Amino acid sequence: MGSPEDLDYPQIILQYSSGFLVSKVMFTACELGVFDLLLESGEPLSSDAIAACLGTSTTGMERLLDACVGMKLLAVELTPEGALYRNTEIANIYLTKSSPKSQYHIMMYYSNTVYVCWHYLADAVSEGRNQYERAFGISSEDPFGAMYRSEEEMLKFMAGQNSVWSICGRDVLAAFDLSPFRQVYDLGGGGGALARACVSLYPNSTVTIYDLPKVVQVAREQFVPPEEHRIAFHEGDFFNDSIPEAELYILSKILHDWDDGKCRELLVKVHKACKPGRSGGVLLVESLLNEDRSGPLETQLYSMNMLVQTEGKERTAAEYSKLLEAAGFGEIQVRRTGKIYDAVLGRK
């Protein structure tokens, strides 16, 4: 980290301690519709005008806008009539609902669900288990039963995951040349954003989204257009139901939800279903820890989130390779994308 003379340790501690304030400002501006309003207006607006349009107090809105300026999400221009605010390019691309790369839905999921669970982080660390019971008063024994506790909550989660794959999907799918695999199953494929990225990148492939019946129903109705004939659906629970034969199985952010025993159980089922030889394989899409567990910080924080929300954790490439080998997969390759999520490919 450098010598004490090189680092302002008090400043670092203050920055870390106020990190949650920064994220909550961004979440609040998204939730209130600040970025959408400024995009739709087509011109800079005053804090009074924004407050009036969104039905907020003028004093509160002015402070929120100024904080967004400090975060480089908004830009401000001082005129004789007063301060006028506009979106920066970052806000237009990632924080407005209408953008193809919008992260609005994952922001709302973090704000309204993840944030509540993290309030009980000390309890999660003490007990070593997720905190749905304290956060929402529901059983924590079935993480996805808790996560999908209502259709509205399930929809928010699916939309949030689609947001992530809208900016990360192509990177992980292009980490290896997957064109030889024509028949792909996306286990736990949810809203289908990764499946859509896959058929876009590999037009000769077909992808079947395998997920719970209620998830498949929502994906069909709200996320995957009916004219996309290269994407099909399979309803089921891949832990308890059979897995059909395919050439490639994609497990994107699946294994990090579960402990090693459940991961081995699932990978053994996938290996048995997988087409034999080099024509069959499995692609893991996960955020990889460094082998010495020193980072990346984002992955370490995701692992804490797995503690408060699931039964799993983030792992190193070596740990995922060991799980794949125990299930019978070989020729394991790892590709770090330089982004949040990485790829591990194993062949039967």
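Which domains does the domain assignment of the protein give? The assignment gives domain 1 (4–95) and domain 2 (176–347), with bounds that come from an automatic or database domain assignment, and the C-alpha centres of domain 1 and domain 2 lie 36 Å apart. The model is a predicted one, in which local features need pLDDT of at least 70 and side-chain atom pairs count only at pLDDT 80 or more, while totals for chains, interfaces and linings use all residues. Residues are numbered from 1 along each chain as its sequence is written, and side-chain values use heavy atoms, with hydrogens and water left out.

The protein contains 16 helices and 9 strands, where helices (H or I, at least four residues) and strands (E, at least two) are DSSP runs numbered from the N terminus. Its radius of gyration is 22 Å, close to the 20 Å that the globule rule gives for 348 residues, so the protein is as compact as a globular protein of that length; the radius is taken over C-alpha atoms, and the rule is 2.2 Å times the number of residues to the power 0.38. Along the principal axes, the C-alpha atoms fill a box of roughly 70 × 55 × 40 Å. Of the 348 residues, 47% count as buried, a term that means under 20% relative accessible area, with exposed meaning over 50% and partly exposed in between (1.4 Å probe, protein chains only).

Charged side chains come next. Side chains of opposite charge can pair when their charged atoms come close, and the structure holds 12 salt bridges, each defined by a side-chain nitrogen of Lys or Arg within 4 Å of a carboxyl oxygen of Asp or Glu. In one of them, K339 and D171 meet with N and O 3.1 Å apart. This pair links distant parts of the chain, since K339 lies in the loop between β8 (330–335) and β9 (342–347) and D171 in helix α11 (residues 151–173), 168 residues apart. D171 is partly exposed at 27% relative accessibility.

Another salt bridge joins K275 to E247, with the closest N and O atoms 3.9 Å apart. K275 counts as partly exposed at 23% relative accessibility, whereas E247 is buried at 14%. Salt bridges that share partners also join D123, E127, R129 and R134 into one network.

How many aromatic pairs does the structure hold? There are 13 aromatic pairs, counted when the rings of Phe, Tyr and Trp (its six-membered ring) have centres within 6.5 Å, with planes under 30 degrees apart called stacked, over 60 edge-to-face and the rest tilted. The rings of F238 and F239 have centres 5.5 Å apart and planes at 50 degrees, so this pair is tilted. F238 is buried at 10% relative accessibility, and F239 is buried at 11%. Both belong to one aromatic cluster, whose members include Y109, F144, Y148 and W258. K262 lies over the face of F239, at 4.1 Å from the ring centre, and R149 lies over the face of F136, at 3.8 Å; such a contact requires NZ of Lys or CZ of Arg within 6 Å of the ring centre and within 35 degrees of the ring normal.

A search of the whole structure finds 0 disulfides, a disulfide being a pair of cysteine sulfur atoms within 2.5 Å. The sulfur of C53 is 16 Å from the closest cysteine sulfur, in C68, which is too far for a bond, and C53 is exposed at 52% relative accessibility. For C117, the closest cysteine sulfur is in C30, 20 Å away and also too far for a bond, and C117 is buried at 0%.

Most residues other than glycine have a negative phi, and most peptide bonds are trans. The peptide bond from G295 to P296 is cis, with omega near -10 degrees, and P296 is placed in the loop between β7 and α15 (297–309). R293, found in the loop between β7 and α15, has a positive phi near 65 degrees.
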